[in-house]
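This report covers a few residues of one model. The structure comes before the notes.

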Amino acid sequence: MRWFRDTDVASHALKVGDDAPDFLLPDADGRLHSSEQLRSNGPLVLSFFRGGWCPFCTAELCALQAAKDEFESVGATLAVVTPETRDFPRQLKRSLGLDLKVLSDVDYGVAKSYGVLFRVPDEMKEHYSALGFDFGARHGSPEWMLPIPATYVIDTEGRIRSAFVEPDFTIREEPSQILASLRQVASTTSKGARRRKATSGKG
């Protein structure tokens, strides 16, 4: 974790107010999902996680699953993004009993576009290899890369309204804070709609 701090790897991550890059990714069953479709009816909660091998990630996924109904009650869609490919996302959903959209970030393109991707340093690669993890095989890529755990709330216009990017992989955004951000988006959206309606009524 000190390596993350020393290199300031999170400094390039997208921030509140930035435009969210569009994407098209497969889910655990091979169905394609576009970002435009995911945020077409309400805000999108997009959460990047490292993989099913990470206990902090699986704990976060279970917490997101528990909050999914609350997110949906304010019109939001939840999608989680991992570099893992092949059958790993399906195995993860099955083992944890998840009813989430688990999207595979093939070739790391989406994490890179959000500025949350980093190359695994050699010493870290040796550490994970010793534990029996082969990220090349899990990711379907010769490049060992991982996302910084990050959670974004994106509105229907594709604008980032909330961004949580934390290089310390043991710290994740609380679902209650995500829900607060979603309610704020819903509040500002409804106020904007009322203003537009009032303006058009004057004409």
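## Asp107

At 59% relative accessibility, Asp107 counts as exposed, a class that means over 50% relative accessible area, with buried under 20% and partly exposed in between (1.4 Å probe, protein chains only). Asp107 sits in the loop between strand E5 (101–104) and helix H5 (109–113). Helices (H or I, at least four residues) and strands (E, at least two) are DSSP runs, numbered from the N terminus. The phi of Asp107 is near 65°, a positive value in a residue other than glycine. Most residues other than glycine have a negative phi.

## Basis of the model

The model is predicted: local features need pLDDT of at least 70 and side-chain atom pairs count only at pLDDT 80 or more, while totals for chains, interfaces and linings use all residues. Residues are numbered from 1 along each chain as its sequence is written, and side-chain values use heavy atoms, with hydrogens and water left out.

## Tyr108

Tyr108 also lies in the loop between E5 and H5. Its phi is near 65°, again positive in a residue other than glycine. Tyr108 counts as buried because its relative accessibility is 5%.

## Ser162

Ser162 belongs to strand E9 (residues 160–165) and, at 11% relative accessibility, counts as buried. Leaving aside neighbours within four places in sequence, Ser162 is in contact (heavy atoms within 4.5 Å) with Val16, Thr151, Tyr152, Val153, Glu173 and Ser181.

The side chains of Ser162 and Ser181 make a polar contact at 3.3 Å. A polar contact is a pair of N or O atoms within 3.5 Å; within protein, one must be able to donate a hydrogen and the other to accept it, and residues adjacent in sequence count only if both atoms are side-chain atoms.
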